[in-house]
Amino acid sequence: MKKRILSSVIALVMLLSLSLTGCSTTPSTTPTTTPEATVEPAKTITIEFIHSQPEEERVTAIQKNIDEFMKTNPGIVVEQVPVPEDSYMTKLTTLIASKQLPAIMESNIDWGRLLNSEGVIDAKAHTEVINTKGKDAFFKGALEILQAPDSSDYIGVPVSGWVAGIWYNKALFTEKGLEAPTTWDNILKAAKTLNDPAKKKYGIVFATEESDFTEQTFTQIALSNNAELFDADGKPRFNSPEMKEAIQFYKELYKYSPQGSNGVTQVKDAFVGGNAAMGIYSTYIMGALYEQGMADKIGFAVPENKSAAGFGMLTTLAVSNMVSAEEREAAKKFIGFMLEKQSNIAWLHMSPGGANPVLKEIAADEQYKSNELLKAFGETSSKVPEAFNELKMLGFQDGESHPKMGNITAKLVIPKALNAILVQNANIDKEIEKAQKEMEQIVNE
Amino acid sequence: MPRKNTLKKAEARLGFLFILPSLILIASIIIYPLCYNIVLSFHKVALNPLKQPKFIGFSNYMNLLTDGDFIKSLMLTFLYVIITVATSTTVGLLIALLMNRKFKGRGIARSLVILPYVAPVISLVFVWQYMFNGIYGVANYLTVDKLHIFNAAPAWFDHPILSMVLVILFDTWRVFPYSFMMILAALQAIDGSLYEAAMIDGAGSWKQFWAITLPEIAPVLGSLVVLRSIWNFYKFDDVYLLTKQVPIMGVYLYQTAFSIYDFGLAAAITVALFIIVMTFVLFVKRKVSRI
């Protein structure tokens, strides 16, 4: 009998402890009350900042900024959540689905468009931060391109940005008497002349894999041919003659490139390793070139056919709309802090050259320009931020972003078509029509 | 007699009380998600959880059954599972038979064999991608530059057939150590006197293998085939990281859920896969119970 009672008690305790553990949703933060502790402590707001900079030195640099912020804002605790870039959107998606989106998230134009169309960001909060800083403090193009398609608010607050273009080996161009690759003709001529696959030397290397990197690279080619993605009524026109011409040019260039699905690693390795005379890449390649002592041997050009296409991407900080009013205010304060001189320069110097200022005063600031890498690239690095004044992107026309562009980018419609045409050697017309239909379906959803 | 029955009932109640925590745990982490997934499969689910899912009946299932990509993915998955399970088990068996024999350095050799299985997938994928890189990969150096088998570096991970062959090779190479370890353990448990008796009866190595070794390790082989089939049916990581040309079911599912954000359709796919895998498991279970 005693045994039975004892066993029943054990079973009940096990059951209770399990259910109590399961019911606990948040760790207990209630301080142990002592007879002396009768005064209630000041309320502390804890917010999370999720970003895609998991490298140790970047995490340390961000933490320094956070510590600095918390010193001046004692009631706010900011916790960073670093996530590798490859799985960043998957992580965000999961957090959205579980209503656990952190108060602040690193974003960019593409992700911002998608998050905005899904209605999970607080665009008004972004506008309030931008207005507090003053719209004139930013490069004009940087703010215009972040305008939400459905309101006068912004899909994020820009903190830095990168510009893409053609990086080329100046010595090889001089040796063969080639002109800088600024026009389609010059690019093609240089690619043909400098291509020698038998010696593992290629004219050019660029993105061809099924990823947004390919869409970003192709954007520059398409826009330099005035190939817009939508007509005046917002209907897709991927099958326009200008777009087909741009795709044909992209395919022609592929003949002089390493074959296969090339992504970030392949493009960077081939160009920095000296296997390609030209590489289409963002300013993030500057770090690798500097480390190899190639800073003064490399030129940078923006392709031009019917017009010049300065393509780039803005890194933004966005506020989630799944947080409380207090957390929202704390998030706004932190983003405002990230736009201050010292913290913004610290953010930019995490990847000098790659991350460029979107604030005019920082671009001209001597402290910002004093970085060794930026000095090594000289004129190239000082010209880059100016590109944010005339930023171009697919889906951004007449000062407005198409509301479904984020979905088209997320579904990789353009990269899949380009990979099929270039790498799989599929029929160009069929693939263009297939992508066109898919875009129409997305727009009509 | 009635007292005995009451005692039995009380013991049964107590037993039930003991297993109740486990039952609650299983219900919360297996049964609830399973039921929730089935419910989701009948809805159009927005990425934003604040937007209510819309009930659409069997639409997701109808879309699935009429989607050529799903059928292609399913067929490709069957092919992938059959070949990888056969090759990894066979290679594992052969290596286990070899490693079961006494030779100098056997301990080190056994440790080396399991290396691919314990190394992180992402590092192995990078190694393979570098091995087959068009500019500096060792595979192209040998086949193009030295042996002149190809005129130019083949598109290893871009050609549908070549990439299928490579992901099968990768999986076989990565998971055969698991089969090897299981089979080796079973081989070591076989009573040595059986072989001695067989030798006295004049049975050669080949006969001994078919008459003693294989029947003795058959239950282990059966378990290996079932487990490996289930795991590979849901395979995603290494195939997705190596190539975009082999859209097996795990990849197709990931693209549906996280690339096109159709969670309702993704849920319908998992329900369909659950039915397929359960049918397979029940079929195998029935076969095994007959043995």
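**Ground rules.** I number residues from 1 along each chain as its sequence is written, with chains lettered from A and ligands numbered from 1 in the order in which they are written. Because the model is predicted, I take local features only at pLDDT of at least 70 and side-chain atom pairs only at pLDDT 80 or more, while totals for chains, interfaces and linings use all residues, and side-chain values use heavy atoms, with hydrogens and water left out.

**Chain A overall.** I looked up the secondary structure of chain A and found 21 helices and 10 strands, taken as DSSP runs numbered from the N terminus (helices H or I, at least four residues; strands E, at least two). Of its 445 residues, 54% are buried (under 20% relative accessible area; exposed is over 50% and partly exposed in between, with a 1.4 Å probe and protein chains only). Among contacts (heavy atoms within 4.5 Å) in chain A between residues at least 6 apart in sequence, 77% join residues at least 24 apart.

**Helix α5(A).** In this helix, residues 123-133, I noted Ala123(A), Ala125(A), His126(A), Thr127(A), Val129(A) and Ile130(A) as buried. These buried residues pack against α4, α6, β4, β8 and α13 of chain A. Just after the helix, Gly134(A) takes a positive phi of about 105°.

**Aromatic rings.** I counted 35 aromatic pairs over all chains, where rings of Phe, Tyr and Trp (its six-membered ring) pair if their centres lie within 6.5 Å, with planes under 30 degrees apart stacked, over 60 edge-to-face and the rest tilted. Phe218(A) lies in helix α9 and Tyr250(A) in helix α10 of chain A, so the pair ties together parts that are 32 residues apart in sequence, and both residues are buried. For Phe58(B) and Tyr61(B), the centres are 6.1 Å apart and the planes at 55°, so this pair is tilted. Phe58(B) is exposed at 57% relative accessibility, whereas Tyr61(B) is buried at 15%. I also noted one aromatic cluster in chain B formed by Trp128(B), Phe132(B), Phe150(B), Trp156(B), Phe157(B), Phe170(B) and Trp173(B).

**Cavity.** The structure holds one cavity of 30 Å³ or more, meaning a set of points on a 1 Å grid over the protein atoms alone where a 1.4 Å probe fits but cannot get out, with lining residues having an atom within 4 Å of a point. Helix α9(A) gives the most to the lining, with four residues, and the lining includes Asp212(A), Glu215(A), Gln216(A) and Thr219(A).

**Second largest pocket.** I put this pocket (an open set with protein on both sides within 12 Å along at least five of seven lines) at about 1,800 Å³. Its lining has 45 residues, of which Lys411(A), Lys416(A), Glu438(A), Asp69(B) and Ile260(B) lie nearest its centre. The largest share of the lining, six residues, comes from α21(A), and α3, α8 and α12 of chain B are among the helices that each supply at least two.

Key:
Points joined across faces, edges and corners; volume = space filled by probe spheres on them.
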